[in-house]
Amino acid sequence: MLSRALNIAARRVQPVALAKRQMCKGAMSEMKTGTELYMSLYPETSSDASLRLGNVVPDFSAETTHGDMPSFHEWKKGKWAILFSHPADFTPVCTTEIGRLALKYDDLQAMDCLVATLSVDPVKSHEEWLADVVAHCENKIEVKFPIIGDADRAISTAYGMIDPATSDEQDLPLTIRAVFIVNPENKLMLALNYPACVGRNMDEIVRCVEALKLSYEKSIATPANWPNNHAELVGSVFLLPTVSKEEADASYPGYHTCDVPSKIEYLRLVKQDQV
């Protein structure tokens with residue numbers, strides 16, 4: 001149970017947090033943000049080389065359609081970033097995905113989120129294919145983000161997008177459709193994996209970045225279907241279980257507690273503009 005896990009995480013830091021609250025009870029600056037609490041449940045490194053949430057993502061150098069990228073970590077330093085893979089150039093679904101991602105780029109840029117895409121094709125192939133991407137999209141687009149060439153499959157392997165034991169045997173070594181959203185500390189915050197036959201929804205990716213950034217800054221979590229959630233409190237968000245009643249009363253006056261059969265007051269909603 002996530003709620004129970006968060007409460008356990010909170011108890012681990014309770015002595016320090018309690019001392020702080022005694023000095024300045026209810027101060028917003030004393031509360032752990034959603035990201036801090038959720039990420040405390042995950043290690044920064046994995047024990048088996050598998051990339052998981054909370055891990056610091058592998059750094060890499062690469063050739064891209066925007067020139068050399070000596071270091072992914074340095075390229076995104078201090079910013080949010082999306083690493084977005086597609087199976088192959090000159091394929092139908094990928095062509096629509098890059099076009100749709102280009103349409104959302106300005107929205108992501110406004111959230112200070114960088115974008116880089118990748119496949120195992122060489123950069124020359126990317127550059128030739130982009131003419132098709134632009135021509136096919138019904139809107140006038142410009143692909144402003146770099147597309148990484150991963151011809152040796154090193155990045156795809158490091159990020160778990162391709163099986164290194166079998167990729168050499170494949171006539172068409174496809175990377176899965178993957179989305180990695182990485183925070184300013186280079187930690188993996190969200191990963192989405194799709195098969196080759198299903199295109200991604202770019203609105204969902206933008207929504208995830210917005211939700212992650214909000215939780216990164218505040219002591220909240222976003223409900224299912226956010227921001228189209230809770231008919232009477234559309235766009236509202238949940239206070240984390242680790243926010244005490246005293247903190248909630250002081251910092252979020254007027255928050256709404258949902259009545260449930262258990263009578264446990266854990267479904268506490270607050271309007272987004274109040275956080």
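Me: Why is Lys79 called partly exposed?

Reply: This is a predicted model, and the label rests on a computed value. Lys79 has 29% relative accessibility. Buried means under 20% and exposed means over 50%. The 29% of Lys79 falls in between, so Lys79 counts as partly exposed.

Me: What makes Lys79 and Asp112 a salt bridge?

Reply: Their side chains meet at 2.6 Å, N to O. The cut-off is 4 Å, from a side-chain nitrogen of Lys or Arg to a carboxyl oxygen of Asp or Glu. The 2.6 Å is within that, so the pair qualifies. Asp112 sits in the loop between H5 and S4, Lys79 in the loop between helix H4 (72-75) and strand S3 (80-85). They are 33 residues apart.

Me: Is Asp112 buried, exposed or partly exposed?

Reply: Its relative accessible area is 37%. That lies between the 20% and 50% limits, so Asp112 is partly exposed.

Me: What about His73: why is it called buried?

Reply: His73 has 16% relative accessibility. The limit is under 20%, so His73 counts as buried. Its place is in helix H4. Leaving out residues up to four places away in sequence, His73 touches Val56, Val57, Pro58, Asp59 and Asn186.

Me: How do you know that Asp203 and Lys104 form a salt bridge?

Reply: The closest N and O atoms of the two are 2.6 Å apart. That is within 4 Å, so the pair counts. Asp203 lies in helix H8 and Lys104 in helix H5, so the bridge ties together parts 99 residues apart in sequence.

Me: What makes Glu97, Arg177 and Arg200 one network?

Reply: Salt bridges that share partners join them. One of the pairs is Arg177 with Glu97, at 2.7 Å, N to O. That is within 4 Å, so the pair passes. Arg177 is in strand S6 (residues 177-182) and Glu97 in helix H5, 80 residues apart. Arg177 and Glu97 are buried.

Me: How many salt bridges are there in the whole structure?

Reply: The search finds eleven.

Me: Which residues have the most contacts inside the largest nonpolar core?

Reply: Ile82, Phe84, Ile98, Leu108, Phe145 and Ile181. The core has 47 residues. Helix H8 (residues 202-217) gives the most to this core, with eight residues.

Me: How do you know that the span of H6 is close to the expected one?

Reply: Helix H6 (residues 123-136) has 14 residues. It reaches 20 Å from its first C-alpha to its last. The expected value at 1.5 Å a residue is 20 Å.

Me: Where is the kink in H6 centred?

Reply: On Trp129, with a bend of about 30°. Trp129 is also one of the buried residues of H6, which include Val123, Leu130 and Val133. The cover over those buried residues includes strand S1 (62-64), helix H5 (92-110), strand S4 (113-119) and strand S5 (147-149).

Notes. Residues are numbered from 1 along each chain as its sequence is written. This is a predicted model: local features need pLDDT of at least 70, side-chain atom pairs count only at pLDDT 80 or more; totals for chains, interfaces and linings use all residues. Side-chain values use heavy atoms; hydrogens and water are left out. A nonpolar core is a set of buried Ala, Val, Leu, Ile, Met, Phe, Trp, Tyr and Cys residues joined through side-chain atoms within 4.5 Å. Buried means under 20% relative accessible area, exposed over 50%, partly exposed in between (1.4 Å probe, protein chains only). Helices (H or I, at least four residues) and strands (E, at least two) are DSSP runs, numbered from the N terminus. The expected span of a helix is 1.5 Å times one less than its number of residues. The bend at a residue is the angle between axes fitted to the seven residues ending there and the seven starting there. Contact means heavy atoms within 4.5 Å.
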